[in-house]
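Trainee: Could we go through this structure together? I would like to learn how to read it.

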Amino acid sequence: MTKYYFVSTLLPTLSFEASPDLTFAELDRLFRDNLTAKDYEKTLLIRRFFDLLNLRAWWKGEPLDARGVLSSGALEEAVGGRMSFPDYVYDFIDRYPKTEDRLRHFPFLLAKFFQSVEEVSDPLLRHYLFFERELRLVMVAFRAKKLGRDLSLELQYEDPEEELVAQLLAQKDADSYELPEKYQSLKALFEQHGDHPLLLQRGLDQYRYDTLEGFVDMADLFSIERLLVYLLQFVIVEAWFTLDR
């Protein structure tokens, strides 16, 4: 296993109190220049999620997220040439030829992305994507209850027989929202900041950050796993400082 002593020593400490001392583009360049081709490809898997989100931005005529792999021109070519994206993206485009329909049903693409996690070969990335998907579902259920929306409609693209989804749907008509047992540690956060979206997002970001910290052995500071965790944590921290209040 390759040890990345040089790269690891160059990475600045991350904090929610101050924006990172380097940009995402600079971090990507550092990884691209120093990681093996196989390990750098793992970082691109994280960035391809932003390519998927950039489809929505492109259809809405909004600026693209620079954390994606594909530029605006490359994104257009990927759609027109039917390359770079998984088959389910092109099936979706064929099914919804109108832009307004693509935007309305965009959660389908997000659901398909996270449902394809089992195909991810890297154990750490697979573990993280499973975690991220579950946390997003928990938040969808919370917000649906908060806003009086039909949870079965919000989760229409999920498998209703999956354990977590079934647990969430089982309480769609309940008077209050109960977190699944696995995420009970978030109960105090939801109770304290449930009516304050910015503070709730801050708490969830910290929860994500801390959970990622537990994905790797602290003794192995120079592994690709540690660098992948750093990249994911960097995305979380950087996004916090770009939020518009």
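Mentor: We shall discuss a helix, its neighbour and then a loop residue. This is a predicted model, in which local features need pLDDT of at least 70, side-chain atom pairs count only at pLDDT 80 or more, and totals for chains, interfaces and linings use all residues. Residues are numbered from 1 along each chain as its sequence is written, and side-chain values use heavy atoms, with hydrogens and water left out.

Trainee: Which residues are buried in helix 7?

Mentor: In helix 7, which spans residues 107-115, Leu109, Leu110, Ala111, Phe113 and Phe114 are buried. Buried means under 20% relative accessible area, exposed over 50%, and partly exposed in between, with a 1.4 Å probe and protein chains only. Helices are DSSP runs of H or I with at least four residues, numbered from the N terminus.

Trainee: And what covers those buried residues of helix 7?

Mentor: The cover includes helix 3 (37-60), helix 5 (87-95) and helix 8 (123-147).

Trainee: Which residues of helix 7 and helix 8 meet?

Mentor: Phe113, Phe114 and Gln115 of helix 7 meet Leu129, Glu132, Arg133 and Arg136 of helix 8; contact means heavy atoms within 4.5 Å.

Trainee: Changing topic, where is threonine 13 found?

Mentor: Threonine 13 is in the loop between helix 1 (5-10) and helix 2 (24-34).

Trainee: Why does threonine 13 count as exposed?

Mentor: Threonine 13 counts as exposed because its relative accessibility is 75%.

Trainee: How far apart are threonine 13 and leucine 45?

Mentor: From C-alpha to C-alpha they are 23 Å apart in space, and in sequence they are 32 residues apart.

Terms used
Helices (H or I, at least four residues) and strands (E, at least two) are DSSP runs, numbered from the N terminus.
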